[in-house]
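Have the sequence and the 3D view open while you read.

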Amino acid sequence: MGKLPYIIMILFIALAFFLNLLALIHIFPMLLSAPILFISILIFIVYLNDRRRFRGF
């Protein structure tokens with residue numbers, strides 16, 4: 001159960017990257033694929049950064 005969010009986020013990044021590749025060959029609009037890829041990578045980095053933060057006493 002602990003690794004499930006990582007797997008889902010990596011699959012979402014892979015899907016967004018595939019959409020971005022399709023946009024580069026003009027099959028999918030670039031205005032949709034680039035923000036999706038950016039947001040998916042951003043969510044993954046924020047999730048990794050927020051895991052073991054010391055929140056005080």
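First, a helix here is a DSSP run of H or I with at least four residues, a strand is a run of E with at least two, and both are numbered from the N terminus. I7, for instance, has its place in helix α1. Before going further, note that you are looking at a predicted model, where local features need pLDDT of at least 70, side-chain atom pairs count only at pLDDT 80 or more, and totals for chains, interfaces and linings use all residues. Residues are numbered from 1 along each chain as its sequence is written, and side-chain values use heavy atoms, with hydrogens and water left out.

**The overall picture**

How many helices and strands does the protein have? There are two helices and zero strands. Along the principal axes, the C-alpha atoms fill a box of roughly 55 × 20 × 10 Å. The radius of gyration (taken over C-alpha atoms, with a globule rule of 2.2 Å times the number of residues to the power 0.38) is 15 Å, while a compact globule of 57 residues would have one near 10 Å.

Now for the surface. Accessible areas come from the Shrake-Rupley method with a 1.4 Å probe, and for residues only the protein chains shown count as cover. The protein's accessible surface comes to about 4900 Å², and 78% of that belongs to carbon and sulfur atoms. We call a residue buried under 20% relative accessible area, exposed over 50%, and partly exposed in between (1.4 Å probe, protein chains only). By that rule, 19% of the 57 residues are buried.

Helix α2 covers residues 30-49, and S33 is found in it. Is S33 buried or exposed? S33 has a relative accessible area of 1%, so it counts as buried. Contact means heavy atoms within 4.5 Å. Setting aside neighbours within four places in sequence, S33 touches L19, N20, A23 and F28.

S40 also lies in helix α2, and with a relative accessible area of 2% it is buried. Its contacts, again leaving out neighbours within four places in sequence, are F12, I13 and A16. There's a polar contact too (a pair of N or O atoms within 3.5 Å; within protein, one must be able to donate a hydrogen and the other to accept it, and residues adjacent in sequence count only if both atoms are side-chain atoms). Here the side chain of S40 reaches the backbone oxygen of L37 at 2.8 Å.

**Across the sequence**

I7 is partly exposed at 47% relative accessible area. L15, found in helix α1, is partly exposed at 48%. P35, in helix α2, is partly exposed at 36%.

**The loop and the greasy patch**

Between α1 and α2 there is a loop, and H26 lies in it. H26 is exposed, with 73% relative accessibility. Although H26 is not a glycine, it has a positive phi of about 65°.

Helix α1 (residues 4-24) gives the largest share of the nonpolar patch, three residues.
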